[in-house]
Structure formats: structure tokens, C-alpha cells
Amino acid sequence: MQNEREAAAEIISDVTARYRFYAVGDSHSIVKHIKALSSNSKPNPARQYVAEGLWFNKMLVEACSPLHAIIICPEKVYTVEAAKLVEEMAKACDQRFTVSARTFGKISEREKPDGVMSIAYFSMSEAGDISFTDKSVVLVLDGVEIPGNVGTMIRVADGAGVDAVFICNRKARMTHPKLLQSSMGSILNIPIVEFADADECYDALAKRGFEIYLTDSRAEKSYYEYPYGKRCAFVMGSERYGISRGWYDKDVKLLSIPMFGKCDSLNVGVAATVVCYEASLKNKGYLKR
């Protein structure tokens, strides 16, 4: 273990000198910027977010995600693997900083931080850049308000093999820390496209031949009664107001999820899980009813 730490320290010493890391303290602008991003307290037109830890930052490097800055605490980088990750991150950004253990503790959201942090950019996709198949599935989030729910559904879409997440009437900031945390890195794995409203989103789906399903407790058919098998999109609505009225005036189908207990609905993230996996499994040939 001691040899590992010494080897890591040697690599970090070389990297911080070669790539010109600057030592900064609590009052430096980058530290204040990290605190503002973590608290979601200021406007964020550049869509930057804080990525902490080896796991998240390794995903950023693998995804070739653009980085604004890297901030490390050298004495907390214990392993050779972590030190080599720092070197890869240093190559990918122009701003590089080191901070003390005390300062890193103030900006870290973890009980036991591992000394690696970055500021990355959230990248939206364009619908025209996505290669849809004849059995693609899209999850549409219409006015979903709670950041944790948005992140959870992006993670669900990733896990279910959904081809894209479309967002319209957006209410949650995509760089909100709770959204990022609940997505568990899935924001890097699945295309996310934003539309101004239901009309724009519907047109994009209709143009590409998607059958559109609205989750509605009043629907006569349950989610499992549809065969799917074609391009399909599922619209999930706001936690408080449901799906916006504009969707109901269009060429859509309604589906429900049976409720056998006393509650009359599921959390929107749970509902998205149910319908996304049903359609994805059927379209991929794993489920036949």
C-alpha cells in the first residue's frame, strides 16, 4: 500500500508540474464557482456542472466529454489508477488547480472524498443527429418538475435501452446536482433532446414515424396490452399537473398501469420504468404476450 501511494504521489508530482496546476485557496474564483454550481444558486447559461470522484470522472474521460477545469487534492490521490486518470483529465482541459485537504473538504459532497473533481459541460443532442431504428423507443418528459425524478428517468431510459430522452416544457435545470446524482452518469450514455413545447416535440416524433403513447389512468387499455413492435414514444407528465393538454389534441394512444391497491397512481419515475421496459423488451424480441 505504501509503494502504491508513493508511486501515485510521484505521478501526481510530475503531472501537476508538467501541466501547470495552480495551487489555490478558499477565496479563489474557481472554488467559489464550484460552491455556486453545487448549490444551484446562480444562473448557469454555460450548463456547467461539478463531477466528483474517480467513477464519474472516468466516465467523462471515456465519453470524451468537454471539461472546463480539473481540481485535485494531491494528498488524497492514493492510487496509481487515480493518478493516471488525473493525467488524462489534465490533457482535456485548460484550467487545472490543486487545493489543500481542508479546502477540498469544503467543496466536496462526500464524507470520504478521493481528491478528484472537475467542472464539465452538459451537452444536449439534436434529434436529427440520432440514428433511430424501426423499433426505437423514446421517453418524453413533459414538464417534469423534480430534478431527482428527471435524473431517475434518464437512468431508467439508459437501463432499458431506450434510444433517446426528449424533454419539453422543461422545469428542472439539467445541471441540478440532484438530477446528476440520480442519473448515476446516464446523462453521458443516452441522447437528450430539448424542445420548447409539446407541439415541437410531437412534430419531431411524428416526422420520424413514432407512435405516441400517453400514460393516463383513465385509459381503457393497459400498457401490456399493446404489441408495440414499431417506433414508439412514451409521454410522462408533471408530478402535479400531468401531461400537458396539447398532447391530447394530437394523434396519440392512451395507456394505463393497473393499480390494485388503495393508491391511485405511481411515482412518475416508477411509471416510466414499467412502460419503458415493457416496450423495449417487446421491441428487442425478449418478451411476447
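Two strands pair if DSSP finds at least two bridges between them. Helices (H or I, at least four residues) and strands (E, at least two) are DSSP runs, numbered from the N terminus. This is a predicted model: local features need pLDDT of at least 70, side-chain atom pairs count only at pLDDT 80 or more, and totals for chains, interfaces and linings use all residues. Residues are numbered from 1 along each chain as its sequence is written, and side-chain values use heavy atoms, with hydrogens and water left out.

**View 1. Strand 10 and its two partner strands.**
Strand 10 covers residues 232-236. Strand 6 (residues 137-142) pairs with strand 10 in the parallel sense, over five bridges. Strand 9 (residues 211-215) also runs parallel to strand 10, over four bridges. Find Phe234 in strand 10: it is the bridge partner of Leu139. Phe234 is the bridge partner of Tyr213 too.

**View 2. Side chains of strand 10.**
Five of the five residues in strand 10 are buried (under 20% relative accessible area; exposed is over 50%, partly exposed in between; 1.4 Å probe, protein chains only). Cys232, Phe234 and Met236 point one way. Ala233 and Val235 point the other way. In a regular strand the side chains alternate between the two faces of the sheet.

**View 3. Helix 6 from end to end.**
Helix 6 (residues 147-160) has 14 residues. Its first and last C-alpha atoms lie 20 Å apart, close to the 20 Å expected at 1.5 Å a residue. The expected span is 1.5 Å times one less than the number of residues. Just after helix 6, Gly161 takes a positive phi of about 75°.

**View 4. The buried residues of helix 6.**
Helix 6 is mostly covered, with 10 of its 14 residues buried. Among them are Val150, Met153, Ile154 and Ala157. An α-helix has 3.6 residues a turn, so residues three or four places apart point the same way. The buried residues of helix 6 pack against strand 6, strand 10 and helix 9 (268-283), among other elements. Strand 7 (164-168), helix 7 (177-183) and strand 8 (192-195) are also packed against. Contact means heavy atoms within 4.5 Å.

**View 5. The setting in the whole chain.**
The protein chain has nine helices and 11 strands. Its C-alpha atoms fill a box of roughly 65 × 40 × 40 Å, taken along the principal axes. Buried residues make up 49% of the 289 residues. Of the contacts with a separation of 6 or more, 82% join residues 24 or more positions apart.
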